[in-house]
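User: I would like to learn how to read a few features of a protein model. Please start with strands and sheets.

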Amino acid sequence: MIRKLVAVSLLTLASGQLLAAECAITVDSTDQMSYDTKAIEIDKSCKEFTINLKHSGSLPKAVMGHNLVISKEADAQPIATDGLSVGIDKNYIKDGDTRVIAHTKVIGAGETDSLKLDVSKLDAAEKYMFFCSFPGHISMMKGTVTLK
């Protein structure tokens, strides 16, 4: 009887964990100006969503740095263009740019950084994207962010 209870308890615990939403993702970037994903899906049940950015290339950030910026789709290119004037020390993001929902710092070989999103601030009807604001990278380093 006790074994059955333990087995049922463990099964219940395991199935509960399987049903829990995944509220974090790791995105890898390389020296080839690419992310290892083109889409980030965020479950509506997450209160906060974490994106961990990793740079698995070998080049320093001044040469092949990457960040990850989240914005509405329509704002992405203007944010990247405006960021050119502020440089790497400001992560190619203008101070106080309200179009930026969240961003990591610019990282180079072997480095990591993370960002946290307040999921309640996202609208399922809106189109969002993630991109790298390092000069010239947005053309190849971008993807969609959807609330599901």
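Analyst: Two strands pair if DSSP finds at least two bridges between them. Helices (H or I, at least four residues) and strands (E, at least two) are DSSP runs, numbered from the N terminus. This is a predicted model, in which local features need pLDDT of at least 70 and side-chain atom pairs count only at pLDDT 80 or more, while totals for chains, interfaces and linings use all residues. Residues are numbered from 1 along each chain as its sequence is written, and side-chain values use heavy atoms, with hydrogens and water left out.

User: In which sense do strand S7 and strand S8 pair, and over how many bridges?

Analyst: Strands of a sheet pair through backbone hydrogen bonds, either parallel or antiparallel. Here S7 (residues 128-131) and S8 (residues 142-147) are antiparallel, with four bridges. Tyr-128 is placed opposite Val-145 of S8.

User: What is the order of the strands in the open sheet?

Analyst: The five strands run in the order S2-S8-S7-S4-S5, and their pairing is mixed. At the edges are S2 (39-42) and S5 (100-103), each of which pairs on one side only. On average, neighbouring strands of this sheet are turned by 25° against each other, direction ignored. For such angles, axes are lines fitted to C-alpha atoms, for helices over the stretch in contact, and angles run from 0 to 180 degrees between N-to-C directions.

User: Which helix packs on the sheet?

Analyst: Contact means heavy atoms within 4.5 Å. Helix H3 (residues 76-83) packs there, touching S4 (69-72), S5 and S7, and its direction makes about 35° with that of S7.

User: Is Ser-29 buried or exposed?

Analyst: Buried means under 20% relative accessible area, exposed over 50%, and partly exposed in between (1.4 Å probe, protein chains only). Ser-29, in strand S1 (residues 24-29), has a relative accessible area of 0% and is therefore buried. Beyond its neighbours within four places in sequence, Ser-29 has contacts that include Tyr-35, Leu-53, His-66 and Met-141. Cys-132 is also buried, at 0%.

User: How many disulfides does the rule give?

Analyst: A disulfide is a pair of cysteine sulfur atoms within 2.5 Å. The count is one: Cys-23 and Cys-46, with sulfur atoms 2.0 Å apart. Cys-23 lies in the loop between helix H1 (2-19) and S1, and Cys-46 in the loop between S2 and strand S3 (48-55), so that the pair links distant parts of the chain, 23 residues apart.

User: Why is this disulfide called left-handed?

Analyst: Because the torsion about the S-S bond of Cys-23 and Cys-46 is about -90°. Cys-23 counts as partly exposed because its relative accessibility is 24%, whereas Cys-46, at 3%, counts as buried.
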